[in-house]
Amino acid sequence: MAHSRRRDAPELPDFSLLKRLAKDQLIYLLEQLPGRKDLFIEADLMSPLDRIANVTTLKQHEVDKLYKVENKPIVSMCDQLCFLIRPRIQTVKWVADIVNADKAAGKFRRYKIIFSPQKFYACETILEEQGVYGDVSTDEWAFYLLPLDDDIISLELPEFFRDNFLEGDQRWMMTAGSALHLLHSLYGPFSKAYGIGRSAKMTYALWRELVEEGEQRARKPDIGTVFLIDRDVDFVTPLCSQVVYEGLMDDIFRIKCGSVEFGPDVTSSDKSVKVMLNSQDKVFNEIRNEHFSNVFSFLSQKARNLQTAYDKRRGMDIKQMKTFVSEELKGLKQEHRLLSLHIGASESVMKKKTKQDFQELLKTEHCLLEGFEIRECIAYIEEHINRQVSMIDSLRLLCLLSLTENGLLPKDYRSLKAQYLQSYGIEHLLTFANLRQLGLLVEQQPGETLTVMESKVGKLVNDKTAGKLTDAFSSLAKKSNFRALSKRLSLVPKSGEDYDLRIPRDMAYIFSGAYVPLSCRLIEQVLERDGWTGLEEVTRMLNGNEFAVTAGNSGGESGLKTDTQRIILVMFLGGCSYSEISALRFLGKERGYKFIVVTTAILNSARMLEAMLDSHM
Amino acid sequence: MAFVTANWNPLGEAFYRKIELYEMGWNLRDGLRDCLVAAAPYGGPIALLKEPQRRSPSARPQLEIYSSSGVSMASFAWKSGPVKQLGWTVSDDLLCVQEDGTVLIYDLFGGFKRHFSMGNEVLQNHVMEAKVFHSPYGTGVAIITGAFRFTLATNIDDLKLRRLPEIPGLQGAPSCWAVLTQDRQSKVLLANGVDLFILDNTACTPVTPPGLSPQANSIVHMTVSFSYKYLALFTDSGHVWMGPTNLKDKLSEVETKVRTPPRQMVWCRRPKSQQPSVVIMWDRHLLVAGECKDTIQAGLSTVAVSVLDPMFGYHLDDESVLVPELDGVRIISGTHHELLQEVPAACEEIFKIASMAPGALLLEAHKEYEKESQKADEYLREIKEQSLLGEAVRQCVEAAGYEHEPETQKSLLRAASFGKCFLSNFPPEQFVSMCRDLRVLNAVREYTVGIPLTHSQYKQMTVQVLIDRLVYRKLYPLAIEICRYLKTPEYQGVSRVLKHWACCKVQQKEEADEVIARAVSVKLGEAAGISYSEIAAGAYECGRTELAIKLLEFEPRSGEQVPLLLKMKRSQLALSKAIESGDTDLVYTVVTYLKNEMNRGDFFMTLRNQPVALSLYRQFCKYQEQDTLKDLFNQDDDHQELGNFYVRASYQEGKLEARLSLLQSAVDEYNKAKNEFAAKATEEEMRLLRFQRRVEEEKGERVLGYSLQDTMHCLLAAGLHKQAEQLYKDFRVPDKRYWWLKLSALAEKEDWDELEKFAKSKKSPIGYLPFVEVCVKHHNKYEAKKYVSKVNPEQKVKAHLAVGELEGAAEAAIERRSEPEISLVLSRCSPATDSAILDRLNRARATATKK
């Protein structure tokens with residue numbers, strides 16, 4: 001890409017250490033239950049586990065058979081059962097049921113639950129209530145962080161989003177704090193911390209507490225700055241259709257734990273192929289951050305290069321041929337394979353996305369972001385609902401409409417909701433209740449209602465908690481203020497100018513030049529200003545809770561920042577999308593930063609909205 | 001200085017010396033006569049029980065506690081049962097073993113702490129003899145009962161009583177016994193006549209000490225060394241046998257010529273010494289027996305005997321007690337407190353008469369230097385010529401550590417410092433740390449403190465333990481001074497002392513809560529690593545709940561406050577603190593606790609004021625107790641949530657009737673919540689369900705549970721147009737929606753006739769382009785073409801293109817003179833086949849743009 005690099009970006013620290021730590025601890029835990037045992041693994045821990053320890057490793061430590069945790073009776077002959085699970089009430093209950101069933105059948109076994117990344121008191125209560133507390137030993141596998149790529153680390157906790165923002169359950173906050181603490185102790189000390197959002201603030205506080213409790217070792221930091229951001233600061237960005245290659249892959253094929261399964265339509269054979277999508281894949285690495293409209297030209301250029309490389313062998317003598325075969329051919333073959341896969345994937349994307357309706361969908365999204373021709377957009381959404389195009393997509397458009405317009409007019413709200421229910425069933429009454437609670441899809445209300453509620457609540461309880469309550473309530477009925485924010489932070493570039501997607505000017509290229517992601521713009525601004533000064537109006541609209549802390553006396557460097565301070569850890573509490581990661585990569589290249597993204601999970605619009613459905617319970 | 005060797009006695013190849021530690025500060029009328037005495041090792045406190053056999057209520061025995069220097073710390077009349085044995089624990093608590101096997105524990109100041117029993121067997125048969133012993137596992141108690149059985153507890157803080165097996169052939173009391181620690185186990189070694197047995201948990205094993213004098217008929221006394229490595233036996237023939245406790249060989253045997261059983265016998269051995277020696281005490285006579293190459297007759301006079309004698313003796317003026325230490329023996333009498341030890345090698349080298357050791361020369365050199373004599377240089381040269389100056393300095397420093405008199409210490413250290421001046425690159429650490437250590441040691445040896453520690457004991461015991469001991473004695477200022485002086489990290493040092501101080505402070509009943517709380521916070525304010533919750537726990541334990549709460553306010557980590565608050569039943573406060581801490585797990589702990597403690601109504605009310613706790617509990621209920629969840633909403637009159645709850649429940653319900661009734665409840669709740677929209681939607685759902693059931697019953701079409709849209713689609717697909725029409729009317733489905741639906745349903749069925757009829761039924765609200773597109777989608781261009789003419793002008797181009805009629809599209813575009821549309825058509829034309837159209841379009845475009 002034709003970027004003018006301002007400064008050489010510093011090297012990223014090596015995160016494979018995290019994997020090693022996790023693996024060693026897991027092995028230690030398995031050895032705590034000596035002898036042959038069957039291992040039951042929670043479904044959403046399977047892929048992460050696979051990255052840490054493969055089946056051979058598990059077998060080496062006397063794991064006999066592997067099972068997936070499903071909520072049904074088990075068939076296992078082994079007299080030792082080990083459960084590797086998330087600390088969820090239902091799963092623990094299931095384990096308790098197994099133990100009780102064994103007891104009833106007079107079977108004697110040893111049971112061990114390994115909670116990852118930590119255990120909760122609630123889980124132990126279940127064991128106690130079910131009367132199996134003494135029969136089951138419990139342990140914690142402190143597997144907080146899974147490096148998905150050189151610059152992406154995931155907590156693999158998709159439920160963080162719903163639990164924290166919708167249910168108001170802060171159970172994962174400690175996990176986030178501990179994860180940050182782990183990074184801090186391995187790659188810190190971080191000398192600067194910025195953040196915005198309630199969870200960010202809490203995570204920061206919990207982390208500092210851990211730091212103060214533990215012993216302090218002076219070491220040369222790998223990472224100097226950390227930025228914490230709540231997902232609810234910016235709901236708009238993850239709701240937009242992704243058009244950068246990596247994001248598009250996630251929207252269409254659903255990248256799971258850094259790997260994707262390409263179906264027969266991509267592989268043009270009858271088999272599906274699992275592919276790891278990370279920087280190891282040379283082809284992917286070059287196109288992942290590209291706008292989709294450029295991907296084909298890149299790929300065809302690549303194909304031509306490959307052909308030239310193959311063609312080299314013509315006119316070679318035997319000796320040259322020998323070195324060619326032994327040194328280059330394998331690499332070329334590998335590249336060839338990847339190239340054909342990505343071309344296949346792109347074709348499949350093209351088939352789906354270049355159709356008229358996708359263009360119209362994008363156009364509607366852009367109109368919403370710009371606040372332009374809103375009536376037409378509503379009509380489009382209505383039609384979308386009426387034709388049952390896609391349950392999630394309709395919902396997504398509704399949310400975007402509400403977020404960008406600060407809520408729907410009561411008339412529109414009712415009619416759209418009614419139509420949606422007619423199309424997709426009344427159970428979505430609950431979905432709408434959830435969306436409303438989260439502030440994703442709300443009805444416009446006269447301004448004073450909120451304050452009335454606040455003062456009512458304030459009278460109910462003493463002053464100290466009132467503040468917190470108000471906090472909680474303001475998130476219930478908060479305004480998104482998107483339009484004002486967009487103006488202040490110039491999120492939507494002036495329309496009318498042609499935007500050359502091949503040579504991106506700014507982060508807006510992520511969304512075809514129509515919108516600079518709010519989250520990334522905030523990060524950019526704060527880093528530039530070295531704090532929140534000058535952004536007071538913005539933070540007010542984002543419900544405050546911002547902070548900027550410089551530790552110790554490391555400040556005072558004039559202008560020139562040290563390498564470590566240009567390595568910035570961005571922690572998304574509640575998940576982030578691949579588009580945001582691409583935007584940050586772009587920002588890094590422009591400004592000479594390196595961003596490391598730590599997220600509770602990789603998010604896209606579908607995952608985000610699916611988490612709002614109540615039918616899954 | 002010249003008299004340093006005056007109190008030295010040679011024994012074998014070493015010398016022994018007796019140093020006076022203190023002149024006792026106590027005033028005992030009868031000395032130690034008729035007293036039960038226990039003195040703790042490491043210069044610990046001394047407990048006396050005077051006239052322990054007194055039983056009458058009018059004249060009770062007196063229990064007194066003194067420091068090693070005889071300063072009184074406590075004194076009270078003993079009102080419990082008869083005491084058999086006194087002993088000290090490793091944490092300076094006094095153990096009083098009663099005849100009935102009850103062990104009472106007192107602190108240093110005579111405060112009763114707790115008691116425990118040594119078991120029923122002991123209670124029945126009474127304690128005949130008891131011993132308190134120390135091992136790496138803590139302080140233990142061993143008892144032999146009147147029935148000659150042993151009961152043993154290795155650690156009184158983790159009491160596990162062990163009754164040892166019976167000893168075969170034991171008719172009466174064993175002649176003597178001792179406790180051993182071997183192979184991580186406490187065992188009893190006992191003698192029955194001349195037979196020795198080792199008793200462990202499971203067995204009684206007879207053993208024989210190798211080379212025990214054949215004259216012996218009975219072993220009358222035995223002792224085990226401080227380290228449990230060595231054993232000494234005293235026989236009725238007056239022989240002392242010394243050897244390792246594993247009884248693999250013999251170190252020495254000395255004939256004392258005294259046949260009376262001794263009062264006390266203890267080991268007196270330096271850790272690195274080559275020579276074994278025991279100190280044996282009879283009434284007024286003390287004997288030190290060492291290694292013996294050949295037994296030489298020794299006179300039992302008061303002063304030392306000739307060189308190479310295996311023993312020498314002292315006369316004792318007064319009744320005394322021997323206290324074994326790791327590097328010597330303390331001798332406590334009614335008036336004095338002395339230390340008997342082997343002279344350490346470094347001291348011997350320096351102070352031995354006519355010693356030419358480098359250290360001795362250096363000391364001499366320094367003396368001359370102070371006298372401003374040139375001899376100083378001669379001595380110094382002599383050392384330097386042998387290049388032993390470093391060694392000399394080291395010797396002086398080391399010897400200083402072994403000396404008790406500050407004056408001697410000073411002169412040795414000065415000599416060392418003097419010697420150091422002539423050395424370059426001599427590492428200073430040893431000197432510096434010795435100076436520090438000695439300063440600390442001299443401070444604690446001070447008469448008022450009374451802890452006569454030697455340097456070796458201090459090193460063995462560590463600073464931390466020393467600080468603890470000072471804290472037990474409530475010598476807080478000294479402890480803090482020492483911590484600061486030694487620069488102990490706050491967390492282990494000053495803070496720890498302050499914490500103990502505070503814990504002690506909160507027990508001062510006479511002071512008001514306010515005063516104490518303030519005093520504590522002022523003093524502890526800036527100290528790092530203080531846990532106020534521990535102090536508060538202390539306050540609570542002595543019944544001062546209010547003070548505890550006040551103290552908890554100072555605890556910065558709210559999480560730490562919670563457990564104690566719960567214990568004090570301040571659950572509301574605990575809940576808010578837990579929430580403040582941000583640790584959900586903690587919140588949950590409190591919630592569960594509250595749930596069990598409170599009645600339901602109060603519990604719900606409490607939760608209502610704490611949204612975090614409430615949402616947490618809701619989460620829990622969602623999975624565990626659905627009904628509770630309902631109650632929770634009911635209590636709050638949260639009709640909206642109740643409505644949602646019923647709707648959710650209806651989806652988990654299989655039977656239609658139950659489902660409908662749940663939905664009806666939901667409708668009621670929504671109405672109460674004034675959520676007309678939701679109420680209406682739910683009502684409609686009920687109507688839809690009933691309708692679906694009817695359709696299923698009448699037409700056999702499976703539609704139950706489908707959304708309205710899906711139901712209509714299904715009906716249309718099945719050709720049930722009438723029913724679909726009815727839904728359309730009943731549910732006031734928007735026209736557009738219905739048209740879209742019917743259109744796609746018919747197309748899917750490829751029911752083209754019906755579609756045509758439908759198109760003609762009335763004017764389409766969605767236009768006719770969708771008709772065209774849907775036909776094309778189902779590959780029926782023929783049908784599609786029928787609708788092209790009906791498409792409104794704006795979309796006509798698109799319609800023509802959809803069916804592939806370039807000409808029509810071109811015409812429409814030209815007619816509309818729309819430049820983009822013309823371009824669109826142009827892009828579809830290929831120059832080879834459609835050249836005529838191309839021309840026309842290009843011309844039209846030209847005119848269109850001109851305009």
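Hi everyone. Between chain A and chain B there is 1 salt bridge, a term for a side-chain nitrogen of Lys or Arg within 4 Å of a carboxyl oxygen of Asp or Glu. The partners are E129(A) and K595(B), and their closest N and O atoms are 3.8 Å apart.

Before I go on, a word on the model. It is predicted, so local features need pLDDT of at least 70 and side-chain atom pairs count only at pLDDT 80 or more, while totals for chains, interfaces and linings use all residues. Residues are numbered from 1 along each chain as its sequence is written, chains are lettered from A and ligands numbered from 1 in the order in which they are written, and side-chain values use heavy atoms, with hydrogens and water left out.

Back to the two chains. There are 11 residue pairs in polar contact between chain A and chain B, both residues at pLDDT 80 or more. A polar contact is a pair of N or O atoms within 3.5 Å; within protein, one must be able to donate a hydrogen and the other to accept it, and residues adjacent in sequence count only if both atoms are side-chain atoms.

Which element gives the most residues to the side of chain A that touches chain B? That is α18(A), with 9 residues. Helices here are DSSP runs of H or I with at least four residues, strands are runs of E with at least two, and both are numbered from the N terminus. By class, this side of chain A has 19 nonpolar, 13 polar and 18 charged residues. In that count Ala, Val, Leu, Ile, Met, Phe, Trp, Tyr, Cys and Pro are nonpolar, Asp, Glu, Lys and Arg are charged, and the others, Gly among them, are polar.

Now the whole interface. The contact, meaning heavy atoms within 4.5 Å, takes 50 residues from chain A and 43 residues from chain B. About 4,200 Å² is buried between the two chains, and carbon and sulfur atoms give 58% of that. Buried area is the accessible area, with a 1.4 Å probe, that two parts lose on being put together, summed over both.

Let's turn to the backbone. The peptide bond from S116(A) to P117(A) is cis, with omega near 0°, and P117(A) is in the loop between β4 (110-115) and α5 of chain A. E62(A) is not a glycine, yet has a positive phi of about 60°. It lies in the loop between α3 (55-60) and β2 (63-68) of chain A and is partly exposed at 35%. H126(B), also not a glycine, has a positive phi of about 70°. You'll find H126(B) in the loop between α1 (120-125) and β11 (127-135) of chain B.

Last, chain A as a whole: 26 helices and 14 strands, with buried residues making up 56% of its 617 residues.

Terms used:
Buried < 20%, exposed > 50% of the residue type's maximum accessible area, 1.4 Å probe, protein only.
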